[in-house]
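Subject: Structure handover

Hello,

Here is the structure I promised to pass on. Please open it first, then read my notes below.

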Amino acid sequence: MTTEAVEIAIASRELRKACVHEAGHLVVLQSFGGIGHARVWSAGADRGQDETAWRGACYTNAEPGTVKFPRWHRSKFGILRAPAKWKVYLGLAGLIAEAIADGETDADDVVERISFSFFMGEVSSSDAASIGERWRLHDVRRTMALLIERWNKVCFEAGNLEKSAKFAYSEDE
C-alpha cells in the first residue's frame, strides 16, 4: 500500500470515528427530549502532526426538559424522561459510541478506555466539561444501553454526517 493510500485510509477511518462520536452525542440528546444538531468538518492542512484529520461538534439548541412534547410524540419517538445526570450521559455518549463501533461490548472495558483517553488528554474540553469528575460505571452502563438500543439511529445520523462532511470537503477543494 502506498503512503498516499495509507493516509487516505486513515483519514477515512478518522472521519467515520468523528461521525459516530458526534452521532452518539446527538442521539442521547434527542433521547432525553433535547433538540440539537451535529457537524463534522475537515481539520485542514494546518493541523498538527498528532491531530486528527476531522473535527466535530454537537450543538444543543434546547436542553432536555425545556421543550414540552405531547405524550403521543414522546411515545412515538421514544423520548425518555431526562435524568438529573443527563449532561454526564451526553458527554460520555461520543466516547462510548466510538467504543461500540469498535466492537466493545463490556462496560468495564469501556470505562478503562475512557479513563485512558482522559489520562492521555484525548478527551475534548467540551466532553470533559459535560462528563465532569464524578462519572461512574453505572453512568457508562446506562449510556451504553441507551446507545445500543438506538444503534440504528446512531448509524443513520453518522452516515448523514459523513455525507455532509465529504460534500463540504469537496466544495472546499
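The largest pocket holds about 1,000 Å³ of space. This is a predicted model, where local features need pLDDT of at least 70, side-chain atom pairs count only at pLDDT 80 or more, and totals for chains, interfaces and linings use all residues. Residues are numbered from 1 along each chain as its sequence is written, and side-chain values use heavy atoms, with hydrogens and water left out.

**The pocket**

A pocket is an open set of points on a 1 Å grid over the protein atoms alone, where a 1.4 Å probe fits, with protein on both sides within 12 Å along at least five of seven lines. Its volume is the space filled by probe spheres set on the points. Lining residues have an atom within 4 Å of a point.

The lining of the largest pocket counts 29 residues. Nearest its centre lie His21, Thr52, Glu98, Glu122 and Ser124. Elements that give two or more residues to this lining include helix H1 (3-31) and strand E2 (54-62). Helices and strands are DSSP runs, of at least four residues (H or I) and at least two (E). By class, the lining has 9 nonpolar, 10 polar and 10 charged residues. Asp, Glu, Lys and Arg count as charged; Ala, Val, Leu, Ile, Met, Phe, Trp, Tyr, Cys and Pro count as nonpolar; the others count as polar.

**Salt bridges**

A salt bridge is a side-chain nitrogen of Lys or Arg within 4 Å of a carboxyl oxygen of Asp or Glu. The count comes to 9 salt bridges.

Asp102 pairs with Arg113 in one of them, with the closest N and O atoms 2.6 Å apart. Asp102 sits in the loop between H3 and H4 and Arg113 in helix H4, so the pair ties together parts that are 11 residues apart in sequence. Arg13, Asp102 and Arg113 are linked in a network of salt bridges.

Glu162 forms a salt bridge with Lys166, at 3.6 Å between the closest N and O atoms. The two are 4 residues apart in helix H7 (residues 151-172), separated by about one helical turn.

Buried or exposed: which is Arg150? Arg150 is buried, at 15% relative accessible area. Its salt-bridge partner is Glu149, which is exposed at 60%. Buried means under 20%, exposed over 50%, and partly exposed in between (1.4 Å probe, protein chains only).

Best wishes
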